[in-house]
Amino acid sequence: MSEVAVGALFAILLFAGSLGLIAVGRTVRIRDQALHGTAAGAGLGPVESGVFALMGLLLAFSFSGAGQRFNERRMLVIEEINAIGTAYARLDLLPSDARENLRMTFREYVDQRIALHRAVPRSAAAEAAIQRTLALQGRIWTLSVAGVNTAPNSTLAGPLLAAVGEMHDSAVIRLTAATIHPPWIVFALLGIAILGSSLLAGYSMGAGPWSWMHAVGFAALLAATVYVIIDLEYPRLGLFQISATDQLLEQLRARL
């Protein structure tokens with residue numbers, strides 16, 4: 001089961017748990033009112049404010065971090081495209097025989113990058129694309145060094161190696177960035193804060209007439225927010241994907 005599927009299940013359970021705890025909190029408030037009258041719930045304002053503030057902070061920081069990482073991954077796609085384009089353009093510094101061989105290898109390399117982006121993360125297809133990418137990186141570097149050494153002016157052709165190195169680095173950075181996520185303990189703490197807030201919200205709602213609209217709306221909004229946060233963390237699996245920037249890589253391949 002993918003992380004986004006787990007996140008969807010987590011959000012559904014969070015929604016059900018939130019509704020249940022709202023009902024429990026309301027029941028407790030009604031019982032307390034029967035025992036203590038209007039004094040029930042007095043002095044709980046600071047506790048409620050603290051729990052709701054903590055939940056708000058956790059939601060805000062989690063959403064902000066997920067959105068920032070989502071945008072960073074899109075920018076890394078653009079940086080890799082620029083690095084590949086620069087390295088490919090500098091192939092003109094090499095002799096014609098070395099240049100044509102490298103151009104063909106570059107096309108194979110970009111094909112593998114596209115295949116990796118289209119594959120499901122951590123699937124067999126993705127792992128195969130990664131291995132082929134690594135092999136092509138080594139081949140491109142070997143051919144580039146050989147081409148620079150045979151160039152009439154190796155000093156003039158030298159910048160090609162820097163461009164190839166930057167292209168390889170950008171691929172490694174992208175692969176690493178795709179694995180950076182908050183630890184699941186953060187989402188567990190967020191869930192606990194939401195469930196605790198739901199219990200307190202239900203307790204407060206017990207002081208007046210019951211409203212299913214408010215209870216369902218409260219639980220649904222919080223669960224949907226958590227799902228969006230998880231979805232943003234895994235842009236290759238969920239609703240929010242970076243496929244628009246991936247198209248730029250396909251456009252680059254068409255120009256090669």
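Is glutamate 100 buried, partly exposed or exposed? With 42% relative accessibility, glutamate 100 counts as partly exposed (buried means under 20% relative accessible area, exposed over 50%, partly exposed in between, using a 1.4 Å probe and protein chains only).

## About the model

This is a predicted model, where local features need pLDDT of at least 70, side-chain atom pairs count only at pLDDT 80 or more, and totals for chains, interfaces and linings use all residues. Residues are numbered from 1 along each chain as its sequence is written, and side-chain values use heavy atoms, leaving out hydrogens and water.

Glutamate 100 has a partner: arginine 103 forms a salt bridge with it, and their closest N and O atoms are 3.2 Å apart. (A salt bridge is a side-chain nitrogen of Lys or Arg within 4 Å of a carboxyl oxygen of Asp or Glu.) Both residues sit in helix α3, three residues apart, or about one turn of the helix. Helices here are DSSP runs (H or I, at least four residues), numbered from the N terminus. Arginine 103, at 18% relative accessibility, counts as buried.

The structure holds seven salt bridges. One of them joins glutamate 80 and arginine 174, with the closest N and O atoms 3.1 Å apart. Glutamate 80 is in helix α2 and arginine 174 in helix α6, so this pair ties together parts 94 residues apart in sequence. Glutamate 80 is buried, at 1% relative accessible area, and arginine 174 is buried too, at 11%.

Aspartate 111 pairs up with arginine 253, their closest N and O atoms being 2.7 Å apart.

Notes. Helices (H or I, at least four residues) and strands (E, at least two) are DSSP runs, numbered from the N terminus.
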